[in-house]
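Visitor: Could you take me through this model, one topic at a time?

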Amino acid sequence: MASKPVVLIVDDEAGVRESVRMVLKDQFDPVLLDSGEAAIEWLESNTAALVYLDILMPGIDGLEVLERIREKDRILPVVMLTATKTVKTAVSAMKLGAFDYITKPFDVEELRMVSDRATENASLRREVEELRDAVGTRYGFDNIIGESESMQDIFKTVTAVAPLKTTVLIMGESGTGKELIAKAIHFHSTRADKPMVTLNCAAIPENLLESELFGHERGSFTDAVERKIGQFEYGHTGTIFLDEIGEMSPALQAKLLRVLEQGEIMRVGGNRPIEVDVRVVAATNRNLQDAMAEGQFRSDLYYRLNVVSLEIPSLRERKEDVPHLIRHFVDMKTKELGLGDRELAAGTLDRLLNYPWPGNVRELENVIERMLVLGPAQGAIGPEHLPSELVDGPAVTMHVREQVLSGHKSLSDAVDEFERDIIGEALNRTHYNQTRAASILGTTRRILKYRMDKLGIGGLFAER
Ligand SMILES: Nc1ncnc2c1ncn2[C@@H]1O[C@H](COP(=O)(O)OP(=O)(O)OP(=O)(O)O)[C@@H](O)[C@H]1O
Ligand SMILES: [Mg+2]
């Protein structure tokens with residue numbers, strides 16, 4: 001079993017230390033200290049997930065300990081314990097970077113709740129921090145490849161809209177980079193150092209989604225044994241990314257709309273609105289206009305989200321990006337996998353460039369990774385290391401195969417169709433030079449001409 005997180009409890013009164021310990025001991029591993037000096041010394045060589053700190057103590061007081069902590073650690077959450085008369089000081093403690101304060105005598109529920117909020121908030125912030133340290137510019141445009149005009153337009157819009165609080169709706173087929181663009185918006189905004197929370201509306205069961213978004217009060221439904229903070233509250237001052245928003249039920253869409261309009265949420269079972277300052281970015285690979293026509297998506301929400309919308313084109317519609325993406329992923333993956341320089345055979349590159357990429361950038365990324373892993377360390381990587389759909393031609397072959405096997409088409413028709421298609425492509429690539437096309441196909445010009453006539457395409461291509 002994983003060990004419990006450590007909570008450091010610092011107070012000069014034994015009674016206070018003990019009662020905080022009692023409340024938190026199931027969830028945390030408590031360490032009790034009776035002075036500021038002891039706390040500073042302990043923190044020199046130990047770490048905690050959370051600190052409770054009395055303000056008024058003889059010797060080094062709580063505020064000074066807080067300042068010392070902040071010099072070393074910007075995230076470690078510190079909650080001040082204060083007697084009612086020092087609430088003013090507690091407020092200045094907040095300015096020094098305390099997470100919250102609790103007045104003595106404290107409420108057991110409140111203590112638990114503040115502890116949860118503080119540790120969860122800290123872990124979110126650490127995640128963000130780690131992400132930026134580790135991958136620094138990953139979500140800068142440096143690492144979003146797009147030379148095509150359509151992608152350049154998207155970058156322009158992202159740059160313009162990122163600093164504003166405007167809701168952004170990102171549309172595009174699966175694997176086109178919607179999430180990457182959502183992150184770019186967050187990291188180019190003034191909220192970049194605040195949390196970005198992500199919620200996939202399709203991945204969470206309908207009945208839990210509302211409490212996941214807005215939280216719930218204890219006892220609000222059978223399984224609600226504890227109060228729960230929702231993602232909107234966690235995203236306070238930051239950004240919430242609502243992925244697959246097209247999958248949200250109309251009832252919840254109505255609630256989301258109210259949140260967007262009023263800037264406040266209501267926990268499930270709660271009776272008081274909570275103000276939240278959250279920037280919403282939503283994404284979908286569903287056609288929302290169709291969904292609206294079918295009555296599955298509310299038009300008022302659509303228009304509210306659609307203030308700024310970005311439509312990321314499929315990779316088929318921006319073929320000029322493919323070579324850049326290939327280079328980018330080969331560089332990135334060889335580094336990540338600790339491989340040396342790799343070289344691609346001409347045939348491999350040819351297939352990568354001519355494949356229609358129905359799974360868009362994600363598919364391209366996966367194919368490259370697989371090819372690098374499976375391919376030889378020495379010499380060029382040949383097309384045999386590509387998945388069969390790239391080698392055997394586009395998905396059409398699968399489709400035709402099904403048609404034959406289900407009795408909708410004869411084998412000889414299917415073979416003719418395939419031959420017609422491949423001869424046509426060979427002629428295309430050689431600018432209709434039949435001699436060169438024949439040599440690509442491993443045959444003679446005479447036989448090629450014969451096949452073309454037989455397939456009824458002889459007259460279609462001018463002879464050269
Ligand atoms: N323009 C790009 N440049 C570099 N990498 C990209 C680009 N677009 C997408 N990727 C990479 O492709 C993968 C898929 O992108 P992402 O997850 O953002 O797609 P998505 O549109 O959210 O897909 P889905 O609809 O399936 O969730 C990610 O690893 C992402 O980093
Ligand atoms: Mg996605």
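Guide: Let us start with a strand pairing, in which methionine 171 stands opposite threonine 284 in β13. This is a predicted model, in which local features need pLDDT of at least 70, side-chain atom pairs count only at pLDDT 80 or more, and totals for chains, interfaces and linings use all residues. Residues are numbered from 1 along each chain as its sequence is written, while chains are lettered from A and ligands numbered from 1 in the order in which they are written.

Visitor: Which residue is the bridge partner of methionine 171 in β14?

Guide: Strands (E, at least two residues) are DSSP runs numbered from the N terminus, as are helices (H or I, at least four). Strand β6 (residues 168-171) and β14 (residues 308-311) run parallel and are joined by four bridges, where pairing requires that DSSP finds at least two bridges. In β14, the partner of methionine 171 is glutamate 311.

Visitor: Is aspartate 453 buried or exposed?

Guide: Aspartate 453 belongs to helix α20 (residues 445-454). With C-beta atoms placed from the backbone, a residue is buried if 20 or more others lie within 10 Å of its own, exposed if 12 or fewer, and partly exposed in between. Aspartate 453 has 11 other C-beta atoms within 10 Å and is therefore exposed.

Visitor: How many residues apart along the chain are aspartate 453 and glutamine 27?

Guide: The C-alpha atoms of aspartate 453 and glutamine 27 are separated by 80 Å. Along the chain, the distance between aspartate 453 and glutamine 27 is 426 residues.
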